[in-house]
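Here is a friendly walk through one model, written for someone who likes to know how each value was defined. Please have the viewer open as you read.

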Amino acid sequence: MSASFDVSLYAQRRAELARRLRDAGGGVVIVPTAPERTRNADNDHPYRYDSYFHYLTGFGEPGAWLVLDAEGKSVLFCRPRDPEREIWDGYRLGPDAAPAALGVDKAWRVALLDEKMPALLAQQSAVWAPFGVHSGLESRLEAWLAAVRARANRGIECPSTQRNLCVPLDEMRLSKDAIELQTMRRAARISAGAHARAMRYCATRLLEDPDATLREYEIEAELLHEFRRHGAQSPAYTSIVAAGANACVLHYAAGDAALRAGELCLVDAGCEIDGYASDITRTWPVSGRFSAAQRELYDIVLAAQDAAVAHTRPGARKIDAHWAAVRVLAQGMLDVGLLKHDAHGGLDDVIASAAYRQFYMHGTGHWLGRDVHDVGEYLSLDEAPAEQPDGLGGTVVKRPSRRLQPGMVVTLEPGLYVRPAEGVPEKFWHIGMRIEDDAIVTEAACELISRDVPVRADEIEALMRAG
């Protein structure tokens, strides 16, 4: 934990969750953190705590559990101090120091979890847990509940229902507080700097030696260097560095393909800092200047993002930004000949038939927060289902998209991906591009927090010329 660790922040979150439990009829919450995961042999992956657990505790060690009842009483189970293991693995907080350090009411050694849990579950109406998230949680819980039921002849009542903790916690996490937003702005600023560094590195390398072979993993290295140089703990996800036709693979990972003059490089990368993710995509010309065909498509994608930004505001539905972007992209496809009027009709026909999905097959954004694809319901919580387009050329009956509120954070990421196909102008073949920014919904509109790296084509070219 850092020197700036705010005990009261996590106490407030636990108190709010307890209040929501009371409103829902009470019960007790069980939240484990993530386990350590083996990479190979006796090597572990770098440890990353569970987002739910850390949101409620701020505690980053493995081997820990939080138990919280509807009155707000909290118990932490954690690893004990172990001087020998700490020589190898680092400092442990331990249960003696945990209450003062974390603001929990009690703390016990995690080895006592099976012994203590039946008593903590007894006389509770319900047990709340993130079911389906942690392997083995359900079977362990059943053993604890069986121990409670075995005492029924002594008047001990067992929880009669098991409820999904993700429902109330997801709603809490969806709207960020001022401290969370401050952290996310910092993550976005670092990531934007990394994207700018990657562009400059490419331009400088090729300026120094036009015959140099520059590979995707070199660009990834520049990103990672900039993340860590500014204090980010890790990438928020596996960086995508896609040269040329590789950009048409949506989740392509940085490999060893060469960046070639005349082609584009798509970079989708963001860092994580203090548990919060950023997520930025930029597409730029390897040679420092867009070709005419690349610029045609790039300006369409940028206009689509501008439309999505304009529809990202309080009261608008989450899906509005997507459909605004789709209309711009679909019209652009018709204008440049990716789609033909005689085959697909006009703009409304292209959208109704989902013909645009040949070149734009994903959504325009997602929630962003502790997870890069963050938690939170995308549909309205208080409106009845209705028939609506399914985005695949048909209709579906479901609840409407939820309305945006201040404090929500979304990505806005339209793109175009052109694979060779009959009837597709050859000048566009193998061009893949995406533009993605992170947006905080404000009181009146949205704040783009990732614009410290250029996004307009002229600005990108100017940055690369400056080297």
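Thr364 sits in the loop between helix H13 (347–353) and strand E17 (386–389); helices (H or I, at least four residues) and strands (E, at least two) are DSSP runs, numbered from the N terminus. This is a predicted model, in which local features need pLDDT of at least 70 and side-chain atom pairs count only at pLDDT 80 or more, while totals for chains, interfaces and linings use all residues. Residues are numbered from 1 along each chain as its sequence is written, and side-chain values use heavy atoms, with hydrogens and water left out.

Is Thr364 buried or exposed? Thr364 counts as buried because its relative accessible area is 4%, where buried means under 20%, exposed over 50% and partly exposed in between (1.4 Å probe, protein chains only). Its contacts (heavy atoms within 4.5 Å) include Ala308, His322, Thr411 and Pro414, not counting residues up to four places away in sequence. Ala304 is 60 residues from Thr364 in sequence, yet their C-alpha atoms are 9.5 Å apart in space.

Glu461, in helix H14 (residues 457–466), is buried too, because its relative accessibility is 5%. Glu461 touches Gly288, Arg289 and Phe290, again leaving out residues up to four places away in sequence.

Both residues have a side-chain partner atom listed below. A polar contact is a pair of N or O atoms within 3.5 Å; within protein, one must be able to donate a hydrogen and the other to accept it, and residues adjacent in sequence count only if both atoms are side-chain atoms.

| Side chain of | Reaches | Distance |
|---|---|---|
| Thr364 | side chain of Tyr360 | 2.7 Å |
| Glu461 | backbone nitrogen of Phe290 | 2.9 Å |

Thr364 also belongs to a pocket lining. The second largest pocket is lined by 43 residues, and His362, Gly363, Thr364, Gly365 and His366 lie nearest its centre. A pocket here is an open set of points on a 1 Å grid over the protein atoms alone, with protein on both sides within 12 Å along at least five of seven lines, and lining residues have an atom within 4 Å of a point. Helix H11 (320–336) gives the largest share of this lining, 4 residues.

Elsewhere, 3 strands form an open antiparallel sheet in the order E11-E13-E16; two strands pair if DSSP finds at least two bridges between them. Strand E11 (240–243) and strand E16 (280–285) are the edge strands, each pairing on one side only. E11 is joined to strand E13 (residues 264–269) by 4 bridges, and Ala243 has Cys265 of E13 as its bridge partner.

Note on methods. 1 Å grid on protein atoms, 1.4 Å probe; cavity = no way out; pocket = protein on both sides within 12 Å on 5 of 7 lines; lining within 4 Å.
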